[in-house]
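Let's take a walk through this structure together, one neighbourhood at a time. Have the sequence and the 3D view ready.

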Amino acid sequence: MSVNRALAWLPAVLAAAVVAAAPAEGQQPPGARDFHTRYLELVSAAGPTDSARLDRLFSLHWEYTNTEFPEHATYVGYPGQNGRWTDLSLAAIERRKRELRDPLLVLESIERSRLSERDRLNYDLFRRNLEEALEGARFPSEYLALTQLGGPQYLADVIQAMPAASVRDYEDMVARLERLPAVVDQTIVLVGKGVAAGVTPPRITLRDVPSQVRGLIGEDPMATPLLAPFARFPPGIPAREQARLRAAAARAYTERVRPAYQRLLEYLTTSYLPRTRESIAATSLPEGVAWYAYNVRVQTTTNRTPAEIHALGLAEVKRIRAEMDSLIRATGFQGGFVEFTQFLRTDPQFFYADSASLVRGYRDIAKRIDPELVKLFGRLPRLPYGVTTIPSYAAKSQTTAYYQPGSLEAGRAGKFFVNTYALDTRPKWEMEALSAHEAVPGHHLQIALAQELENLPEFRRFGSTTAFVEGWALYSESLGPGLGLYQDAYSKFGQLTYEMWRAIRLVLDPGIHAFGWTRQQAIDYFKANSAKTEHDITVEVDRYIVWPGQALAYKSGELKIKELRAYAELELGAAFDVRRFHDQVLGEGALPLDVLEGRIREWVAAQKGAQRPK
């Protein structure tokens, strides 16, 4: 899973949610009132060509996005915003909601037919993003601003992702610490409005959130993850400055941050959690049926209905289960699927005894994969990546692993986060498939390559179409044999388990949100068809409950990429080159699946044309 925890706590952050809270001092982005005027000026600009105005629109909107959403700016390396948080006040968000229409006005003033083929694609993708954001603004996702997967309890992730090379960088961190209470207080008001509107996460999924908050608010300022960067300074910062900055951070934490999180903890335990809903289906929310249908369409970039996706999932589960049963027989194991998966879940040979060994195991896998990538790709990214651990305060409710993008602009490597909580639920046989998904050739390779593409507007270089991003990562798991992975039956079964895991999502997500499945029913189905451990299964099911539709993106994208590869292989025959195919799939960044299909079919036609005798 690719995710910026920094952005996860801002629901629909780029779609402009409505938030009920007072404006926060120091949160108003500089020049915010000027953007509306600047968009309108671009509508009526008479001199520039349509192509030039489109480029100016993209630049203006990128500036707007990173000014309005400073956490996003931090992650992509956009300068000048690192001392601020996004203003979640009602006035600011209502303004942003109105301003969603401003770039559309500019687009409508541009004659698409006068643009080049490349600019028409940029135009179409930009318009699609804006129209989806406008459509989604009717649903109050802003009221779901605090879940076990995201919320102000994850703001330490933002601070730890900030540049940390100069005195100014650390002063930005102190500024964010001083302003952090506004985010917490706005969130309290926001989710309180959600209670009044009947829009909350299910209570069962919030059970660990209080402990996540407690993990941030110990007595010792230097023990909190929020101040982790102040425990180590680069050698270029003088000792006197280090002491000053560390003292300022500790003071901000003691006087402002810790009391704010204590207020949040008190509100959670005494007021919020007791009033959250007991139902789990998104369709039980106001306008829930339409809301879920919207999520499904946006996350999959298809027009499949929940019923069609559910049926596809059942078929995929049946197909993969047959492969798993065949592999079990091939091992000579004395027993069936239930006995074999129980063996995989419990035998000590499949687990590390300490977290350091687990992390070292993942790093060894990553370094085995790296030199093999040239066999499958003509172009590789410059940005490096590393393997690290999910913070302990969050690990219990987090998934098995996730990837956090890096940034050349910010001087930050990509990070593959692995979960070391409950080591007896982290089997060795899943590690190769997981590494291929989260690191290379999965998320890191695809996302870093996209960021390094030239002659693309930033909204495409940093685009995150989920069906493409997660579909590519799942497809990458199937590339393991070409990278030297899955050499033993257990690791191969692990790869099938991971493919089954994503197929199960196609069954469970609509099962929960459209067809009335209970949480226990979903857990039981998952357990009956997968070797994943029970803790992992429970965390996963709770993820599907609070993130409706997102889990459908993986298989949707993977199946489309596999379909397109099969098509290219059939059409091109002996001329098919897997390296060129992969470069073509990745060569325009993350695309909606229908756009990707058109691109690959055009490429295949061009390749066939080049083969014909002159």
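Phe 576 and Phe 581 are both buried, where buried means under 20% relative accessible area, exposed means over 50%, and partly exposed is anything in between (1.4 Å probe, protein chains only). Before going further, a word on what you're looking at: this is a predicted model, in which local features need pLDDT of at least 70, side-chain atom pairs count only at pLDDT 80 or more, and totals for chains, interfaces and linings use all residues. Residues are numbered from 1 along each chain as its sequence is written, and side-chain values use heavy atoms, with hydrogens and water left out.

Now for the rings. A pair of aromatic rings is described by the distance of the centres and the angle of the planes. Rings of Phe, Tyr and Trp (its six-membered ring) pair if their centres lie within 6.5 Å; planes under 30 degrees apart count as stacked, over 60 as edge-to-face, and the rest as tilted. By this rule there are 29 aromatic pairs. One of them joins Phe 576 and Phe 581, which are tilted, with 5.8 Å from centre to centre and 50 degrees between the planes. Elsewhere, Phe 333, Phe 340, Phe 343, Phe 350, Tyr 490 and Phe 493 form one aromatic cluster.

Next, follow helix α13, residues 306–331. Helices here (H or I, at least four residues) and strands (E, at least two) are DSSP runs, numbered from the N terminus. Just after α13 comes Gly 332, with a positive phi of about 80 degrees.

Arg 321 counts as partly exposed because its relative accessibility is 23%. Leaving aside residues up to four places away in sequence, Arg 321 touches Phe 337, Met 500, Ala 528 and Asn 529. The charged end of Arg 321 sits over the ring of Phe 337, 3.7 Å from its centre; a charge sits over a ring if NZ of Lys or CZ of Arg is within 6 Å of the ring centre and within 35 degrees of the ring normal. Phe 337 is itself one of the buried residues of α14, together with Phe 340, Thr 341, Phe 343, Leu 344 and Arg 345. These residues of α14 pack against α13, α21 and α22.

That brings us to α21 (residues 489–514) and α24 (residues 553–572), whose axes come within 8 Å and cross at roughly 115 degrees. Axes are lines fitted to C-alpha atoms, for helices over the stretch in contact, and angles run from 0 to 180 degrees between N-to-C directions. On the α21 side you'll find Glu 499, Arg 502, Ala 503, Arg 505 and Leu 506, meeting Tyr 554, Lys 555, Glu 558 and Lys 562 of α24. The residues of this contact divide into 3 nonpolar, no polar and 6 charged. In that scheme, Ala, Val, Leu, Ile, Met, Phe, Trp, Tyr, Cys and Pro count as nonpolar, Asp, Glu, Lys and Arg as charged, and the others, Gly among them, as polar. Here too a charge meets a ring: the charged end of Arg 505 sits over the ring of Tyr 554, 4.2 Å from its centre.

Most residues other than glycine have a negative phi, and most peptide bonds are trans. The peptide bond from Val 440 to Pro 441, though, is cis, with omega near 5 degrees, and Pro 441 lies in the loop between α17 (431–438) and α18 (443–451). Asn 455 has a positive phi, near 65 degrees, and belongs to the loop between α18 and α19 (458–461). Tyr 486, in the loop between α20 (466–477) and α21, also has a positive phi, near 60 degrees. Are these two residues buried or exposed? Asn 455 is exposed, at 69% relative accessibility, while Tyr 486 is buried, at 8%.

Note on methods. Contact = heavy atoms within 4.5 Å.
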